[in-house]
Amino acid sequence: MCDCCQKSDLSKLTPVFEAFAGDDHALISILQKAQEIYGYLPVDVLYAIAEKTGASPAKVMGVATFYTQFRLKPVGKNLILLCKGTACHVNGADSIEKALVEELGVGDGETTDDGLFSIKTVACLGCCSLSPVMMINEDTYGSLTPAKAKEIVRKIREASK
Amino acid sequence: MDRAVIESDPHSLIEGMLIAAYAIGASKAFVYVRAEYPLAIVRLEKALADAKAHNLLGENILGSGFSCDIRIKAGAGAFVCGEETALIESLEGNRGMPRLKPPFPAEKGYTQAPSNINNVETFANVAWIILNGGAAFAAMGTETSKGTKVFALTGKIKRGGLVEIPMGLTLRDVIFGIGGGIRDGGTFKAVQMGGPSGGCIPEHLLDTKIDYKALGATGAIMGSGGMVVMDSHTCMVNMARFFLDFTAKESCGKCVHCRIGTKRMHEILTRITEGKGKEGDVELLQDLCNGIKAGALCGLGQTAPNPVLTTIRYFRDEYDAHIREARCPAHECAALKKYEIDPAKCKGCTMCAKKCPVGAISGELKKPHVIDPAKCIKCGQCVATCKFGAVAVK
């Protein structure tokens, strides 16, 4: 399906619009809530937000593409956030990324064909003393080695079967 | 460390903000928290609700006639939003692009109203200073930098973590005293201070006092309070490339010098780490650094050259080794690594030849093997596989 004829259930946005009614500066908060609902920001949702908030579609798109938190495509069931902050870099984040790419066959910003994993590198997860570190969904994994990272991903894959 | 303050003592922030709001007569306040710190947001929400329940926040606080509300705004992942005017733009729901200053936020800030904007750590100090007096705070620290500061000590250090120290201790005190020195028997090479916009300070400046002025003189900054320790295995050119990769991606794109300059610098640094550097590259980098410093509106652009300038200043020999000899002294840059098997150590077990993904290793059983440099892709599998430590990286 192409982006222009996408049909999202826009009624899910109603409570979000109600919560931020009258707040002219809530665009980012609305986009965050919308992403929580849909898992990403479908184009028709962006149009709906533009119409409701009175912002131009160009402005909504501009904000949605400015911030790294927002994504315009769906992500896999398990989102791997790989930290590439300074401390993680010094402690070998590149080798962890290489190991994940080897194990999953996809790189930064991509999703595996089975829809199980997406990899995203991030600037800093704010837990430098655990470096190198990655988060998979809500869980944080620290003091990684390439072998350990592969093992963690394999276990999640086994558990999903 | 701001994350630690919000997660472990959110009321110190709330109290500091309320005192500041009272002082300037503000009735609305925001805490802008990175969305990557969900626990900080949850705990701050609870603390705000608790404060409201006790009438320490909200309407007519403790019957004083003063009202102030604090709201949380979750950031959306843009480094530049640490710059005050970019943060204000983001608060207003816009792209986080810095404004022209003046007017400064104190004149025209959030929704063009006069605003006071401060860091979490600053607000968290306010209540302590009022309780104990300014003299007690000023008794700690140096002539130009008073009080204490929290640092995130990390990298190749034995004991990492958050450390709060009085200003004026030396870098050596913190890294070798508190941090216990370099881990895994390594040797100290540099400490990177102040986050991606900071600078790298070499060993001969380890006795530099930690205060704003002394750190500034080294080319580094206090910045975020990041203190990343590096050992002899860290290539300083690659480190500069790493930081420029970050700032080039995080540049908001408003100022041409920052948007394009950081990209060009990243390209040049990448070229150098790949052994394709040219004579004059260092001078070109320095020229770009000066251009960006002068031509960028905000702190991100003005400080983005710091990692490059400081590594050139203190580690020029590493740049020259990459450019003139296609050699990485720290053996970190993959493209410049050379793998060789020491025939004296090699037992001819064939393990490395089996592991090599491109068949670059040949040799007979029980006889020393050799690596064909033309085929080698420098993946390092042979080093990881060899049980006799016979593969050397040069």
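Me: In chain B, what share of the contacts between residues at least 6 apart in sequence join residues at least 24 apart?
Reply: That share is 59% in chain B, where contact means heavy atoms within 4.5 Å. This is a predicted model, in which local features need pLDDT of at least 70, side-chain atom pairs count only at pLDDT 80 or more, and totals for chains, interfaces and linings use all residues. Residues are numbered from 1 along each chain as its sequence is written, chains are lettered from A and ligands numbered from 1 in the order in which they are written, and side-chain values use heavy atoms, leaving out hydrogens and water.

Me: And what is the figure for chain A?
Reply: In chain A, residues 24 or more positions apart account for 59% of the contacts with a separation of 6 or more.

Me: How many helices and strands does chain B have?
Reply: Chain B has 15 helices and 11 strands. Helices (H or I, at least four residues) and strands (E, at least two) are DSSP runs, numbered from the N terminus. The C-alpha trace of chain B spans about 90 × 40 × 40 Å along its principal axes.

Me: How much of chain B is buried?
Reply: Of its 394 residues, 50% count as buried. Buried means under 20% relative accessible area, exposed over 50%, and partly exposed in between, with a 1.4 Å probe and protein chains only.

Me: Which way do its residues point?
Reply: B:T148, B:V150, B:A152 and B:T154 point one way from β3(B), and B:K149, B:F151, B:L153 and B:G155 point the other way. In a regular strand, side chains alternate between the two faces of the sheet.

Me: Which strands pair with β3(B)?
Reply: One is β4(B), residues 161–166, which runs antiparallel to β3(B) and is joined to it by six bridges. Strands pair if DSSP finds at least two bridges between them. B:A152 stands opposite B:L162 there, and a hairpin of five residues connects β3(B) to β4(B). Another is β7(B), residues 226–231, paired in the parallel sense over four bridges, with B:M227 opposite B:L153.

Me: Switching to chain A. In what order do its elements run?
Reply: From the N terminus on, they run α-α-α-α-β-α-α-β-β-β-α. That comes to seven helices and four strands.

Me: In what order do the strands sit in the sheet?
Reply: The four strands form an open sheet in the order β2-β1-β3-β4 of chain A, with mixed pairing. β2(A), residues 117–122, and β4(A), residues 139–141, stand at the edges with a single partner strand each, so one side of each has no neighbour in the sheet. Neighbouring strands are turned by 20° against each other on average, direction ignored; axes are lines fitted to C-alpha atoms, for helices over the stretch in contact, and angles run from 0 to 180 degrees between N-to-C directions.

Me: What packs on that sheet?
Reply: Helix α6(A), residues 93–104, touches β1, β2 and β3 of chain A, and its direction makes about 155° with that of β1(A). Helix α7(A), residues 146–160, touches β1, β2, β3 and β4 of chain A and makes about 0° with β3(A).

Me: How are β1 and β3 of chain A joined?
Reply: Three bridges join β1(A), residues 78–83, to β3(A), residues 134–136, and the two run antiparallel. A:L81 stands opposite A:M135.
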